[in-house]
Amino acid sequence: MLVNTTIISDSTNGSWYERNGFNLGIMAIIWVFLALIAFNIVGGLVGVIAAVFLVDDPTNIEALMQVLSEQTTVFFWINTTGQITVFALGSLLVTRLAADSGGRRRFLRLQINSDTHKYVVWAILLTIVAYPAVIFLGWLNAFLPVPEWMAEMQQSMDEMIAKLLGSEHILWMGLFHIGLVPSICEEIMYRGYVQRSLEKSCSIWIAIVVSGLIFGAYHLQITRILPLASLGILFAYITYASNSLIPAMVAHLVNNGGQIILSTIYPEILKQELNADADLPWVLILLGVLLLIILLILFHKRYFANLTTSLINTSE
């Protein structure tokens, strides 16, 4: 089976960054900070515009936050606007500096290869099977020391999200704003631009791990940084192995969309807290973790088998 690999260089000319002596990995990390700032600015502007129409006194922050918590559509569009304009379009623009001329899609891995559909199936399977491990990491995360102000901010955010997801007729809106949009925009930025830039600056495994950690930290949820980072690392490895961004996008959609569907069917999930005192189904979690390890080994072997076949066919 033929498979595109990342060991083939894009071009001998190099990108604008490379021609001018900039390290792609460092520039990608700088972009993450700039994107986070820009995301909040865009969200703030959308919030101000909403305030003009929804609140009698736009300077009354408390009244504005109350309206946003009640107007789910506005709250979702604040996040979605930032995702599309900054994470997706912004990263596409920055990629022009990091990729060779005409090679943005290849740089970001925005491509469908002959076996991408098979990696999509693997991505879905790994994401579902990883859920017990994610729960365990969430429980483990509860033992990490968290500043009180961060814990309060996280609790306030959780309450707002729970209220939003508990609203009527929220399923399709949630699937679009929390499922589809992040699965495209965040993947373009983190598994596309950031991971690819790190790959060109350091080893593959460092790029996979670091991009996953950055993804976990970006959410600004220290109480969930371990499960978020682990999912980021899993998506990063799937992206590298498949040489396509599509499987990670689908996996991201399955993860986020699955949580939206479950919270709609079982609203009590939103009230459950995963803390150090939580009584977890340890037998099921252990079995789930073991199954995940087995599947990752099989997935890894499949990738290297395809890579070997590709190299043989290329040499012939």
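Me: Glu187 and Arg191 are four residues apart in helix H9; by about how many helical turns are they separated?
Reply: This is a predicted model. In it, the side chains of Glu187 and Arg191 meet in a salt bridge, 2.6 Å from N to O. Both residues sit in helix H9. Their spacing is four residues, so the separation is about one helical turn.

Me: Are Glu187 and Arg191 buried or exposed?
Reply: The cut-off for buried is under 20% relative accessible area. Glu187 and Arg191 carry a salt bridge between their side chains. Both of these residues count as buried.

Me: How many salt bridges are there?
Reply: Side chains of opposite charge can pair when their charged atoms come close. The cut-off here is a side-chain nitrogen of Lys or Arg within 4 Å of a carboxyl oxygen of Asp or Glu. Glu187 with Arg191 is one of the pairs, at 2.6 Å. By this rule the count is three.

Me: How many residues apart in sequence are the parts that Arg109 and Glu199 tie together?
Reply: The side chains of Arg109 and Glu199 meet in a salt bridge, 2.7 Å from N to O. Arg109 lies in the loop between helix H5 (104-108) and H6, while Glu199 lies in helix H9, so the pair ties together parts whose distance in sequence is 90 residues.

Me: Which residues are linked with Glu199 in a network of salt bridges?
Reply: Glu199 pairs with Arg109 at 2.7 Å. Glu199 also pairs with Arg196, at 3.7 Å. The network therefore links Glu199 with Arg109 and Arg196.

Me: What is the relative accessibility of Arg196?
Reply: Buried means under 20% relative accessible area. Glu199 is buried at 10%. Arg109 is buried too. Arg196 also counts as buried, with a relative accessibility of 6%.

Me: How many of the 29 residues of H9 are buried?
Reply: Helix H9 spans residues 171-199 and has a kink of about 40° centred on Pro182. H9 is largely enclosed by the rest of the structure, because the number of its 29 residues that are buried is 22.

Me: What span is expected for helix H6 at 1.5 Å a residue?
Reply: H6 covers residues 116-129, which makes 14 residues. Its buried residues include Tyr119, Trp122 and Leu126. From first C-alpha to last, H6 reaches 20 Å, close to the expected 20 Å.

Me: Is Leu284 buried or exposed?
Reply: Leu284 is placed in helix H13, residues 282-315. With Val283, Leu286, Leu287, Leu290, Ile293 and Ile297, Leu284 forms a nonpolar surface patch of about 690 Å² of accessible area together. Exposed means over 50% relative accessible area. Leu284 has 58%, so it counts as exposed.

Me: How many helices does the protein have?
Reply: The elements run α-α-α-α-α-α-α-α-α-α-α-α-α from the N terminus on. There are zero strands, and the number of helices is 13.

Key. Residues are numbered from 1 along each chain as its sequence is written. This is a predicted model: local features need pLDDT of at least 70, side-chain atom pairs count only at pLDDT 80 or more; totals for chains, interfaces and linings use all residues. Side-chain values use heavy atoms; hydrogens and water are left out. Patches are made of residues with over 30% relative accessible area and no salt bridge: like charges are joined within 9 Å, nonpolar side chains (Val, Leu, Ile, Met, Phe, Trp, Tyr) within 5 Å. Accessible areas come from the Shrake-Rupley method with a 1.4 Å probe; for residues, only the protein chains shown count as cover. Helices (H or I, at least four residues) and strands (E, at least two) are DSSP runs, numbered from the N terminus. Buried means under 20% relative accessible area, exposed over 50%, partly exposed in between (1.4 Å probe, protein chains only). The bend at a residue is the angle between axes fitted to the seven residues ending there and the seven starting there. The expected span of a helix is 1.5 Å times one less than its number of residues.
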